Amino acid sequence: MNAAELQMWETYWRKPQAEIWRENGMEIEVALHVRHLVESLAAGAASNARTLVRQQMDSLLLTHKAMQDAMIRIGDDQLTDAPAPVSKRPSARDRRLAAVPDATA
């Protein structure tokens, strides 16, 4: 491991997702991702290297969409399998009705 990979390795193992990686024995997957990430950041790296890194990020639950799809929410220093609460945005109809004063009042 070179210095850049070692620094990235240490950073990654501080992430909340590291608990999942440990439980599932994913050390090799993380190591490969770190190596490919560092390689993809080098000048002149091929675009397929970045595509591979993106796919690995999804597999390691490092993207918002991957965590959403797996119904994992990170917050308050804990992992939970409960989906994040969804707030209902008022519809355009509700906004229009709210803007009209009540004539019976």
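**A helix pair and its surroundings**

Tutor: Start with Gln7, which is placed in helix 1, residues 3–12. Keep in mind that this is a predicted model. Gln7 counts as exposed because its relative accessible area is 56%, and the cut-off is over 50%. Along the chain, Gln7 and Val34 are 27 residues apart. In space, their C-alpha atoms are 9.5 Å apart.

Now the overall layout. The protein has 6 helices and 2 strands. Along the sequence they follow the pattern α-α-α-α-α-β-β-α. Of the 105 residues, 23% are buried. Take the contacts between residues at least 6 apart in sequence: 43% of them join residues at least 24 apart.

Next, the pair you asked for. Two packed helices are described by the angle between their axes and the distance between the axes. Helix 3 covers residues 27–41 and helix 4 covers residues 47–59. Their packing angle is about 145 degrees, and the axes are 9 Å apart. Helix 3 passes helix 4 in a left-handed crossing.

Which residues make this contact? From helix 3 come Leu32, His33, His36, Leu37 and Ser40. From helix 4 come Ala49, Arg50, Leu52, Val53, Gln56 and Met57. By class, this contact between helix 3 and helix 4 has 6 nonpolar, 4 polar and 1 charged residues.

Leaving out residues up to four places away in sequence, Gln56 touches Leu32, His33 and His36. Is Gln56 buried or exposed? Gln56 counts as buried because its relative accessibility is 13%, and the cut-off is under 20%.

Follow the chain on from helix 4. Leu61 lies in the loop between helix 4 and helix 5, residues 64–69. Most residues other than glycine have a negative phi. Leu61 has a positive phi, near 60 degrees, and is not a glycine. Leu61 is also buried, at 13% relative accessibility.

The next loop holds another such case. Met71 lies between helix 5 and strand 1, residues 73–75. Met71 is not a glycine, yet has a positive phi of about 55 degrees. At 47% relative accessibility, Met71 counts as partly exposed. When you check backbone torsions, look at Leu61 and Met71.

Last, the aromatic side chains. The whole structure holds 3 aromatic pairs. One of them joins Trp13 and Trp21. Is that pair stacked or edge-to-face? Trp13 and Trp21 are edge-to-face because their planes are 85 degrees apart, and the cut-off is over 60. Their ring centres are 5.4 Å apart.

Both partners are on the inside by the accessibility criterion. Trp13 is buried at 15% relative accessible area. Trp21 is buried too, at 0%.

Trp13 and Trp21 belong to one aromatic cluster with Trp9 and Tyr12. Tyr12 has a charged neighbour as well. The charged end of Lys15 sits over the ring of Tyr12, 5.4 Å from the ring centre.

Conventions: Residues are numbered from 1 along each chain as its sequence is written. This is a predicted model: local features need pLDDT of at least 70, side-chain atom pairs count only at pLDDT 80 or more; totals for chains, interfaces and linings use all residues. Side-chain values use heavy atoms; hydrogens and water are left out. Axes are lines fitted to C-alpha atoms, for helices over the stretch in contact, and angles run from 0 to 180 degrees between N-to-C directions. Helices (H or I, at least four residues) and strands (E, at least two) are DSSP runs, numbered from the N terminus. A crossing is left-handed if the near helix is turned anticlockwise from the far one by less than a right angle, and right-handed if clockwise. Contact means heavy atoms within 4.5 Å. Ala, Val, Leu, Ile, Met, Phe, Trp, Tyr, Cys and Pro count as nonpolar, Asp, Glu, Lys and Arg as charged, and the others, Gly among them, as polar. Buried means under 20% relative accessible area, exposed over 50%, partly exposed in between (1.4 Å probe, protein chains only). Rings of Phe, Tyr and Trp (its six-membered ring) pair if their centres lie within 6.5 Å; planes under 30 degrees apart count as stacked, over 60 as edge-to-face and the rest as tilted. A charge sits over a ring if NZ of Lys or CZ of Arg is within 6 Å of the ring centre and within 35 degrees of the ring normal.
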